[in-house]
Structures are given as C-alpha cells and as structure tokens.
2 protein chains.
Amino acid sequence: MITKRDYPTQNIRRLLEPGPVVLVSSAHKGRTNIMTMGWHTVLEFTPSLVGCVIASSNHSFDMIRKSGECVINIPTADMVDTVVKIGNSDGGDIDKFDAFGLTPSKAAKVKAPLLRECFANLECKIHDTRMVNKYNFFIFKVVKAHVMPFRKFPQTLHYHGQGIFTTDGRRMDKSRGFTKWKGSPTF
Amino acid sequence: MITKRDYPTQNIRRLLEPGPVVLVSSAHKGRTNIMTMGWHTVLEFTPSLVGCVIASSNHSFDMIRKSGECVINIPTADMVDTVVKIGNSDGGDIDKFDAFGLTPSKAAKVKAPLLRECFANLECKIHDTRMVNKYNFFIFKVVKAHVMPFRKFPQTLHYHGQGIFTTDGRRMDKSRGFTKWKGSPTF
C-alpha cells in the first residue's frame, strides 16, 4: 500500500471538480459506516468548502449530522465493484468495512475513519447546516487532506445513472489558453 | 446540425452527475453573455434542481441574479478550445457569441439563449437565492431540457485545474449490481 502525503486543502478542487464518485465514511457512538455519493460540488478554495447531498434515508445521514464529521474518500476505477456494493447495501444491516474487505485507518482531525484503499481522503467537519432540512445539502470544511503521490491524475469513476460508469479518458493540457487565470490561486 | 429532442427534466442527473464542465448563458436588458462553470451539483430529481457557484466577479452574476434565469449548456470534448476562450475572456468587453462563432437559439421558457453547438441545453429559473450572498451558490430549477439524440453518452470535458482537462473514457455497465435501486426513479 502506497503511503499518502499531506495535500494542501485549498487544492482539493483538482480532485473533486472533475466529478468523481466518492465514498463517504462516518463514525458515531462506536459505529462506522460508508456510503457512495455522486452529488457534490466544490464551493470555495479558502476555507476549503465542499457541498454534498446526503439523503436523509441514508444510515450515514444521522451519523454525520450528529458527529459533525465525515471523510470524503476518492476511489480509483479498479474499485468499481466495491463502490456499487457499498451503494447497494445498508449500513444498518452490515459492517461495510468487514463485508467488503476495506481497511479503516485513523484520521488526524476527525473520528471518522479514512478508507486506506482510496486514492485520496479528505477529512471534513460540518461548516453550515442551513440547507440540510430543505435540501439534505451539507456544507463541509475540508480540514485535512491525504493523497497518494501521483504524476498524472489517477482514473476515477463518473456515474451516469442506470448502472453506467465511465472512467477518465484522454488528458489535454490547455494551460497556454488560460491567459486570464494562469498563476492565480484559482487557476 | 442535429435536431435536439425534449429530455425529461427529472433525468438530467444523467448529464450532470458525471461532472462535465458547462457553459452558462444568460440574457438581461438586451445583452447576452456566456461563462464557463465547473462547480455544480444535482440537488433533486423532482423538482429538477441544480446548485451552482457563480462568482460575483463574473459579468454573468448580475445578469443571472437580475433576470432570474440562465441556460446550462453542456459542450462536447471537441469544443475544448472554445470553452477555454469563454473562461478566459470578459463579457463586459466582448460579445462572446460573435467572438467565438457560437449560435444563439431561442429557448422555450426563458429569455437566455441556448448554445446550439452544445450537446444539451437545460433551461433554468432561479429557485432559491438564500446561499447566494454567503457562498455565491444559486439553486436553479430546470424547467425544460433539450438534448441531441444519443446511443451512448457523448464525450464531455472534466476540469482538473491548472489548464488540464480530461474527456470521458471507458464505459462500464454495472447495472446488474444495483440490487437496491434498479427500477427506482433514482437509479
């Protein structure tokens, strides 16, 4: 297993903006859980904010709301079958770490476990709950990020509904065209 | 140019959940504009809701807030250079339709123009502005969707920061694993 490095939280847009399916881990009162999530967006660079929809029907919803924390883990494309199994099982019935052979590892700033098999782990604390009641929309602050060292971005998963996923395809460097933004923190 | 078909608004997650870069068109007081946007998420199936960050520094911000409308257009990968140019120019200085050879076409339910060259056009009205002041986060309701007929999803663009884009890669049908969700409207 490759050792992860600390990653600047203001750069996590590079990981989330392409739209990968993520696995959200949580812990509350001695229990842990994992859910699959596809509805998320970056909201801000600094502080590092991410908005996510977590349906109240999910076992994770109460665990995250009550603990105030979670970890957003980014799986690579080879984990697709595990991602599907996690999304199609209920944390009230089974321990998903045990059931799917995943390794919890200790986070630095939250109690929720990191998924060791995932390429990146973003430790999150709830930042704003104003949109939770109406839209199940949580705003998290990323307080610590761990990422496997990489030269080019690893292949992640993108969900299209109806059981269809795609991976990342051809890579294009268009940086020369970024005349307005090049060199700025938002580039 | 291929004629588009009406597309059910409750299915637009199939287009947006994979995380494509989109082009947002707007109209206000006889002027139009286009901006590139990467920070968005689906929020609900029915009503069809999408949340987006539109920075207040964008020329489009006021046009969208004041008109209460926009169109989310999804470009295909062959439009990457146009996407970069739109994101690196200012609608206060130029007419982006003219400058980049794009064709505005008439929407059904909003005044903002559709971008004819894009694969999909989602007509949107502002649904909730409570998060605009603090996060520049608009919640739109998709009131009408137009999509080119397709057998498999067209290649779109995913932005990784620093001028790097990827297209959609390998497609995997994992529908057999969706034991919990298959057949439900959220599948």
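The questions and answers below concern a predicted model with chains A and B.

Reader: By what turn can chain B be laid on chain A?
Author: In this predicted model, chain B superposes on chain A with an RMSD of 0.0 Å, and the shift along the axis is 0.0 Å. The two copies are thus related as by a two-fold rotation axis.

Reader: Which element gives the largest share of the side of chain B that touches chain A?
Author: The contact draws 48 residues from chain B and 48 residues from chain A. On the side of chain B, the elements that give two or more residues are α1 (13–16), β4 (40–44), β5 (49–53), α3 (80–87), β11 and β12. By class, this side of chain B has 18 nonpolar, 18 polar and twelve charged residues. The largest share of it, ten residues, comes from β12(B).

Reader: In what order do the four strands of the open sheet stand?
Author: Strand β12 (residues 164–173) of chain A and strand β12 (residues 164–173) of chain B pair in the antiparallel sense over seven bridges; A:I164 has B:D173 as its bridge partner, and A:R171 stands opposite B:T166. The pairing in this open sheet is antiparallel, and the order of its four strands is β11(A)-β12(A)-β12(B)-β11(B).

Reader: How many residues of strand β2 of chain A are buried?
Author: Seven bridges join β2(A) to strand β3 (residues 31–37) of chain A in an antiparallel pairing, with A:N33 as the bridge partner of A:S26. Three bridges, also antiparallel, join β2(A) to strand β6 (residues 69–74) of chain A, where A:V71 is the bridge partner of A:S25. Strand β2 (residues 22–28) is largely enclosed by the rest of the structure, because the number of its seven residues that are buried is six.

Reader: In the hairpin of β2(A) and β3(A), which residue takes a positive phi?
Author: This hairpin has two residues between the strands. The positive phi, near 50 degrees, is taken by A:K29.

Reader: Which residues touch the most other members of the largest nonpolar core?
Author: The largest nonpolar core has 106 residues. For A:V50, leaving aside its neighbours within four places in sequence, the contacts are A:L16, A:H40, A:V42, A:L43, A:I72, A:C124, A:F140 and A:V142. The members of the core that touch the most others are A:V50, A:V71, A:C124, B:V50 and B:V71.

Reader: Is A:T129 buried or exposed?
Author: A:T129 is found in the loop between β9 (120–128) and α5 (132–135) of chain A, and its C-alpha atom is separated by 6.5 Å from that of A:I139, ten residues apart along the chain. Because 12 other C-beta atoms lie within 10 Å, and a residue with 12 or fewer counts as exposed, A:T129 is exposed.

Note on methods:
Residues are numbered from 1 along each chain as its sequence is written. Chains are lettered from A and ligands numbered from 1 in the order in which they are written. This is a predicted model: local features need pLDDT of at least 70, side-chain atom pairs count only at pLDDT 80 or more; totals for chains, interfaces and linings use all residues. A nonpolar core is a set of buried Ala, Val, Leu, Ile, Met, Phe, Trp, Tyr and Cys residues joined through C-beta atoms within 7 Å. A residue is buried if 20 or more other C-beta atoms lie within 10 Å of its own, exposed if 12 or fewer, and partly exposed in between; C-beta atoms are placed from the backbone. Two residues are in contact if their C-beta atoms, placed from the backbone, lie within 7 Å. Copies are superposed by least squares on the C-alpha atoms of residues with pLDDT of at least 70 in both. Two strands pair if DSSP finds at least two bridges between them. Ala, Val, Leu, Ile, Met, Phe, Trp, Tyr, Cys and Pro count as nonpolar, Asp, Glu, Lys and Arg as charged, and the others, Gly among them, as polar.
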